[in-house]
Amino acid sequence: MTLDWSVIWSNYGLLLQGAVMTIVLAVLTMLIAIPGGLLLAALRLNRVAVLRTVATGFVEFFRATPLILQIYWAFYVLPATFGIGLSSFWTAVLALSMNVSSFNSETFRAGIISIRRGQTNAGLALGMSRLQTMRHIVLPQATLRVLPALASTWVSLFKDTSLVSTIAVADLSFVSLKLRAETYRILEVLTAMAVLYWAMGYPQAKLVEWLHRKLRVVE
Amino acid sequence: MSLDFTPILEYWPFLLKALGVTLQLSVASVLCGMAIGLVLGVWRAYGGAVARWIIALYVDSVRAVPILVIIVWTYFALPLVIGVSIQPIGAGILALSFHLGAYAGEVVRAGLLSVRAGQLRAALALGMSRPQAIRVIVLPQALIRMLPPIGSLIVIAVKDSAIASVVAVPELMRQSQLLAGVTYRPFEIFTTTMLLYFVILYPIARGTDRLYRKLAHLGAS
C-alpha cells in the first residue's frame, strides 16, 4: 500500500469550504434552537394542559427517533407530499433545528425546575408578577446551570451536522466523500476528514469538560 | 395528498427483516460497547496516570469525531490498513461499539467515583483485596446509579445504528430508503419507519427511568 497525501494538499481549499459549511450549519441551527427550545420548555411548563401535551409529544418524538431519518423525512416527504420545496441546505437546517430544539427544551426545563420552588414563592410574595419572577429570579440562576448541558448539545450538534451529507449539503463529510469517490485515495481522504473533524471537535470536547467541572452545582 | 399504505402491507416482511437487522446491530454494539466501557471505566477510575491519560485521549477523541465518519472510515479505510475486507454489518458493529465504548467508559467511571471513598477504604480495612472491594462493594452500587445514563446510551445506540445505512448495512433505515425509492411513497414508508423506531425507543427510555426509580434506594450510599 502506497500513500499519496498530495491529494489532500491539492484539494485543501475544497475541504476548507466543507469545514466552513459545517460550522455555518452548527451555528445557524443553534441560533434557531435556543429560542425554539425556550418556547418548547415554556409550553411544557404551561398551565394549559393541551399545550403541555402537544409540546411533550413533539419533544419525545424528536428525541426518540434517529436524526438521520428526520433529515430524510424532511428531504423526501416535504416536497413530495406537502409541496414544500426547500433547498437541501434549508431542509438540513430545518431538521437539525427541530431536533436540537427538542433536546434544548429538556435542558431548559430541567434548569428551570432545578431552581428551588421557594425562590419563586418568595418572588411572588414580594409582589412580583409570575413573568417578573421568571425573568429576574429564576432565569438568571437557571442560565448558569444549563450552560454545561447546552455546551454538550452543541458538541453533539457539531458532529451531527455530518448527517446532512446524505442529502447532498456540501459540508465537510460530503466534500470528503465526494473527493474519495473522485480520486480513489480512500485512506488518505477519509483519514484527512477524520483528522479535520478531530481538530475542530477536540478543543470543544475539552471546553465542555471544563465547563462541567467549573459550573458543577453544589447545593 | 392521497395516502396509500399498500406498499407497507405488501412489503412488511421486508421491513420486519430490516428491523431485525437494526435490533441485531443495536444489541451487538450495546454489548460490545458496554464491555469496552466497563474495562475503560474501571481502569480510568483506579488505574495509573499513564492509563488514565491514554483513555482520556481515546474518550475525548471519540467525542470529537462524528459517528458517521467513524463508520465510513471503518468500512472503507480500515480494510486498506489491515488488508482484510470487512462486511458492512461487521464494520457497523465495530464502529458503533468503538464509539459507544468511549461514552460507556465515562458512565462507568462517574458511577464508580460517585460511591463514597470511605466504602472502598472500609472494605480494604476489612481485609478485602482492591479488585475484590471494587467488584463486591463499589461496582454493585455504582451499577444501579448508572442505570439512567445506560438507558440513554441504549437509546443512542439504536438511533446511531441508523447511520450504518450509509455503508449499506441492510437495516431499517437503509431498507426504507430502498423501498421509498422503488414505490415512490416516501411519506408512508418513512413515517412508518419513524413510528417503528419510536415504538422501540420510547419504552426503553421510559422503562429504564421507571426501573431506576424502583431500584434507586439500593444504590444510595
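Modeller: Happy to! This is a predicted model, in which local features need pLDDT of at least 70, side-chain atom pairs count only at pLDDT 80 or more, and totals for chains, interfaces and linings use all residues. Residues are numbered from 1 along each chain as its sequence is written, chains are lettered from A and ligands numbered from 1 in the order in which they are written, and side-chain values use heavy atoms, with hydrogens and water left out.

Biologist: How many helices and strands does chain A have?

Modeller: Helices (H or I, at least four residues) and strands (E, at least two) are DSSP runs, numbered from the N terminus. From that end, the elements of chain A read α-α-α-α-α-α-α-α-α. The C-alpha atoms of this chain fill a box of roughly 75 × 45 × 25 Å along the principal axes. The count for chain A is nine helices and zero strands.

Biologist: And how many helices and strands are in chain B?

Modeller: Its C-alpha atoms fill a box of roughly 70 × 45 × 25 Å, again along the principal axes. Along the sequence, chain B has the pattern α-α-α-α-α-α-α-α. That makes eight helices and zero strands.

Biologist: What area is buried between chain A and chain B?

Modeller: Contact means heavy atoms within 4.5 Å, and 40 residues of chain A are in contact with 37 residues of chain B. The size of an interface is often given as the accessible area lost when the parts come together. Buried area is that loss (1.4 Å probe), summed over both parts. Carbon and sulfur atoms give 77% of the area here, and the total is about 3,500 Å².

Biologist: Which residue of chain A meets R206(B) in a salt bridge?

Modeller: A salt bridge is a side-chain nitrogen of Lys or Arg within 4 Å of a carboxyl oxygen of Asp or Glu. Two of them link chain A and chain B. In the one with R206(B), N and O are 2.7 Å apart, and the partner is E60(A).

Biologist: Which element gives the largest share of the side of chain A that touches chain B?

Modeller: Two or more residues each come from helix 3 (49-63), helix 4 (67-82), helix 7 (130-160), helix 8 (172-183) and helix 9 (186-214) of chain A. With 13 residues, the largest share belongs to helix 9 of chain A.

Biologist: Which helix of chain B gives the most to the lining of the largest cavity?

Modeller: On a 1 Å grid over the protein atoms alone, a cavity is a set of points where a 1.4 Å probe fits but cannot get out, a pocket is an open set with protein on both sides within 12 Å along at least five of seven lines, and lining residues have an atom within 4 Å of a point. The largest cavity holds about 30 Å³ of space. Its lining is S29(B), L96(B), H99(B), L100(B), A157(B) and D160(B). Three of the lining residues come from helix 4 of chain B.

Biologist: Which helix gives the largest share of the lining of the second largest pocket?

Modeller: This pocket has a volume of about 690 Å³. Of its 18 lining residues, the closest to its centre are L45(A), I112(A), T120(A), R130(A) and M134(A). The largest share of the lining, seven residues, comes from helix 7 of chain A.

Biologist: Why are E106(A) and R109(A) separated by about one helical turn?

Modeller: These two form a salt bridge, with their closest N and O atoms 3.3 Å apart. They are separated by about one helical turn because they are three residues apart in helix 5 of chain A.

Biologist: Last one: how many salt bridges are there over all chains?

Modeller: The pair E106(A) and R109(A) is one salt bridge, and R206(B) with E60(A) is another. Over all chains, the count comes to 14.

How values were computed. Buried area = accessible area lost by both parts, 1.4 Å probe. Points joined across faces, edges and corners; volume = space filled by probe spheres on them.
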